[in-house]
Amino acid sequence: MGFAMIPEALARDPSVAPIEMRVYAAISSYANKERSAWPGTKNLRGHTGLSERTIRRATAGLVAKGYLSTIETGSGNSANVWLLPMTPVCTDTPVPVDTP
């Protein structure tokens with residue numbers, strides 16, 4: 001089993017719904033080193049347990065907020081290729097960590 005990474009900015013963004021975060025995590029678990037992924041709706045449904053309509057709404061929300069974008073493949077098919085842009089890290093003042 002793999003893992004997924006969620007940018008801190010996304011995790012701290014109060015406008016991101018929990019379902020959007022869940023869909024982002026599912027998509028990111030399929031991402032390659034160029035941060036592109038093409039899991040397909042069927043795979044996302046299996047990965048998240050969500051309906052196709054809910055996945056479409058969540059991805060639309062993530063695109064609108066700048067956490068996802070689509071890539072034109074030029075192949076003429078309807079498959080989505082998602083790009084997970086690098087997002088800014090939270091700019092809060094760092095909390096000092098005590099070292100032993």
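**Reading a Predicted Chain, Feature by Feature**

Biologist: Leaving aside its neighbours within four places in sequence, with which residues is serine 28 in contact?

Modeller: Serine 28 is in contact with Ala4, Met5 and Leu84, once the neighbours within four places in sequence are left aside. Please keep in mind that this is a predicted model.

Biologist: Where does serine 28 lie, and is serine 28 buried or exposed?

Modeller: Serine 28 belongs to helix H2. Its relative accessible area is 12%, so serine 28 is buried, the limit for that class being under 20%. The side chain of serine 28 also reaches the backbone oxygen of alanine 25, at 3.1 Å.

Biologist: Let us turn to the chain as a whole. How many helices and strands are there in the chain?

Modeller: The chain has 4 helices and 3 strands. Along the sequence they follow the pattern α-α-β-α-α-β-β. Of the 100 residues in the chain, 30% are buried. The accessible surface comes to about 7,000 Å², and 56% of that surface belongs to carbon and sulfur atoms.

Biologist: Which residues have the most contacts inside the largest nonpolar core?

Modeller: In soluble globular proteins, nonpolar side chains tend to be buried together. Here the largest nonpolar core has 17 residues, and Tyr24, Ile27, Tyr67 and Leu68 have the most contacts inside it. Helix H1 (8–12), helix H2 (18–28) and helix H4 (52–64) each supply at least two residues of this core. H2 gives the most, with 4 residues.

Biologist: How many salt bridges does a search of the whole structure find?

Modeller: Side chains of opposite charge can pair when their charged atoms come close. A search of the whole structure finds 3 salt bridges. In one of them, glutamate 8 pairs with arginine 12, with the closest N and O atoms 2.8 Å apart. These two residues are separated by about one helical turn, because they are 4 residues apart in helix H1. Glutamate 8 is partly exposed, with a relative accessible area of 35%.

Biologist: With which residue does glutamate 52 form a salt bridge?

Modeller: Glutamate 52 pairs with arginine 56, and their closest N and O atoms are 3.2 Å apart. This pair lies in helix H4, and being 4 residues apart there places about one helical turn between the two. Glutamate 52 is partly exposed at 38% relative accessibility, and arginine 56 is partly exposed at 48%.

Biologist: Which residue forms a salt bridge with glutamate 20?

Modeller: Lysine 65 does, and the closest N and O atoms of the pair are 2.7 Å apart. Lysine 65 lies in the loop between H4 and strand E2 (69–70) while glutamate 20 lies in helix H2, so the pair ties together parts that are 45 residues apart in sequence. Lysine 65 is partly exposed, with a relative accessible area of 31%, whereas glutamate 20 counts as buried at 8%.

Biologist: Finally, what is the phi of arginine 35?

Modeller: Most residues other than glycine have a negative phi. The phi of arginine 35 is near 65 degrees, a positive value in a residue other than glycine. Arginine 35 lies in the loop between H2 and strand E1 (36–37), and arginine 35 is partly exposed, with a relative accessible area of 28%.

Notes:
Residues numbered from 1 in each chain as written. Predicted model: local features only at pLDDT ≥ 70, side-chain atom pairs only at ≥ 80, totals over all residues. Heavy atoms only, no water. Core = buried A, V, L, I, M, F, W, Y, C linked by side-chain atoms within 4.5 Å. Buried < 20%, exposed > 50% of the residue type's maximum accessible area, 1.4 Å probe, protein only. Salt bridge = Lys/Arg side-chain N within 4 Å of Asp/Glu carboxyl O. Polar contact = N/O pair within 3.5 Å; in protein donor to acceptor, adjacent residues only side chain to side chain. Contact = heavy atoms within 4.5 Å. Areas by Shrake-Rupley, 256 points an atom, 1.4 Å probe, with all protein chains shown as cover.
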